[in-house]
Number of protein chains: 2
Amino acid sequence: MKVKPFCYLCASKQIFEIANLLYKDDQSQFDFILKVNKKLLEIFKPNLVPTQIGTNLHRYIKLISKNEDPFRNLKNISNEISKKFYNILKLQLEALPSFEEKLKKALFYSVIGNTIDFAAYSTNLDVDKFLKKDLNQTLKIDNRDKFILDLKQAKTIIYFLDNAGEIFFDKLLIELLSEVCKVYAVVKKNPILNDATYEDARLASLDKLKNVVLLDNGGDIIGVDFKYLPKKTKRAFEEADFVISKGMGNYESLSEYTFSKPVYFLLKAKCQPVAQELNVNKEDLVCYRYYIK
Amino acid sequence: MKVKPFCYLCASKQIFEIANLLYKDDQSQFDFILKVNKKLLEIFKPNLVPTQIGTNLHRYIKLISKNEDPFRNLKNISNEISKKFYNILKLQLEALPSFEEKLKKALFYSVIGNTIDFAAYSTNLDVDKFLKKDLNQTLKIDNRDKFILDLKQAKTIIYFLDNAGEIFFDKLLIELLSEVCKVYAVVKKNPILNDATYEDARLASLDKLKNVVLLDNGGDIIGVDFKYLPKKTKRAFEEADFVISKGMGNYESLSEYTFSKPVYFLLKAKCQPVAQELNVNKEDLVCYRYYIK
């Protein structure tokens, strides 16, 4: 999908919040806000995908703040909180009688894990409160039955992960998937925003799972850009019978392509532009099978 | 008060909302957003008062949109809603036994009228709902007893009005004040934001009140800038025994000066920077006697 007018304001909001995250005094915040908004004005073009602008902007933020990982602390906090949720939800999954029921519930958990997003929401996001609220919701687009059918035919899945913290919710799903097929789990090669990197994947012990192979997207890139995908990840993509794409960044970028295999977009529509594109309401939960040959 | 880092984001939010108000298609909104954000970047300086930047920005918006009064429709709507409140609250005031009690209540009503602000809040603000909520609040800074003492000594008051709609709440107070002294009521000479002009004052029949003289601030200027105040209004200011200043714009600008008479700031602290400056919480209601000789 291409940027919408609202994306400009959302970027400006992220700039303000990161200024607050990185600097305590007004003068430093002013300097940062003016510099980064100048950059935003230069790079914002209506024909771009939001992730392209976001990648460019957050790289610039890393550069001028001389901070390779401005969200590291927030990522640690969300990993901690999500780990607790993982332990509770894992028990609830185990109590379910059939693999299919477990799978459907794990798909739902994976979607609500997408609530953990300090960019679309706020760096002050109350993760714990939000997650508890989402647990009582239902999926607005629910293609889980199709997912089960696709899985029956599948030997390999490629799973594009999204945020730190969220990956503990993905782990619940990946553990089930890895019982029946091979899973390539793709993180960001280098830190960008609060996206999960190898460090987060290892914290969630995804590297310890049988039948799971950790790969990366080739850099500090929000979403998926096939131009920069490493050969190994490209081969995994080709091998996969279908794709799981977590979150808005992966949706924004992958929905620009057409594929010869289904892509499941698992996300919470946290902003109006993405909600509109998916024809749902803001805050709706989505498990959407996308397949345009 | 001087701008804070948050003011940049607030301005960017106003730009987005006005783009939505003025244009239906994405391309026009993009053009507007990019142009006006470029202007914002040029004029935003940390040593300025928010109203100076706001005035400059909203004049530019009028210029490039070729619309002398972009908020006219919203101002009409808020006048309509406020008129209904006026009729109800007027009866409640009349039921009170003493002038002092009426006055205290009218001061409170004038403060909650300041809720009507499409800049600090949103152009989608549900005025009716917000006002009803505020009616159950109390003043966080409550200098009404001092106001009553000052009024006993006063022959003349100058009253800087703020927003359209809100002036119906001011009318409740002005009617009482005009029973005991002369009131100069100051509107904006030309449209800027949703600020009240002569047109709104006449809609509220402020021009029909005995002992009330309508004046203006000299142009399409947010708040009060003494450099541009017409001679008549300057003379009224000098004649006045004390000053009533409604809303955040008048507060931001008047708090930059020192005066030889008290200024009563009647407002709702609708943003963090103003709340912080007044040492209250965001959304708090304030009737504050400011007097630095």
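Residues are numbered from 1 along each chain as its sequence is written, while chains are lettered from A and ligands numbered from 1 in the order in which they are written. Because the model is predicted, local features need pLDDT of at least 70 and side-chain atom pairs count only at pLDDT 80 or more, whereas totals for chains, interfaces and linings use all residues.

Start with the place where the chains meet. Chain A brings 19 residues to the contact and chain B brings 19 residues (two residues are in contact if their C-beta atoms, placed from the backbone, lie within 7 Å). On the side of chain A that touches chain B, α1 (5-22) and α2 (26-43) of chain A each supply at least two residues; helices (H or I, at least four residues) and strands (E, at least two) are DSSP runs, numbered from the N terminus. That side of chain A splits into twelve nonpolar, three polar and four charged residues. Here Ala, Val, Leu, Ile, Met, Phe, Trp, Tyr, Cys and Pro count as nonpolar, Asp, Glu, Lys and Arg as charged, and the others, Gly among them, as polar.

How do the copies relate? The same surface serves both copies, as 100% of the contact residues of chain A recur in chain B.

The axes of α1(A) and α1 (residues 5-22) of chain B come within 10 Å and cross at roughly 170° (axes are lines fitted to C-alpha atoms, for helices over the stretch in contact, and angles run from 0 to 180 degrees between N-to-C directions). The two helices are therefore roughly antiparallel to each other; angles under 35 degrees count as roughly parallel, over 145 as roughly antiparallel, 65 to 115 as roughly perpendicular and the rest as oblique. By class, the contact has twelve nonpolar, two polar and two charged residues.

Now for the inside of chain A. Seven strands make an open sheet with mixed pairing, in the order β1-β7-β6-β5-β2-β3-β4 (two strands pair if DSSP finds at least two bridges between them). At its edges stand β1 (139-142) and β4 (212-216) of chain A, each with a single partner strand, so one side of each has no neighbour in the sheet. From one strand to the next, the twist averages 15°. β1(A) pairs with β7 (residues 285-290) of chain A in the parallel sense over three bridges, and I141(A) stands opposite V286(A) in β7(A). Helix α8 (residues 166-180) of chain A lies across β2 (156-160), β3 (182-187), β4 and β5 (242-246) of chain A, running at about 160° to β3(A).

In chain B, β6 (residues 263-268) and β7 (residues 285-290) pair in the antiparallel sense over six bridges, with K268(B) opposite L285(B) in β7(B).
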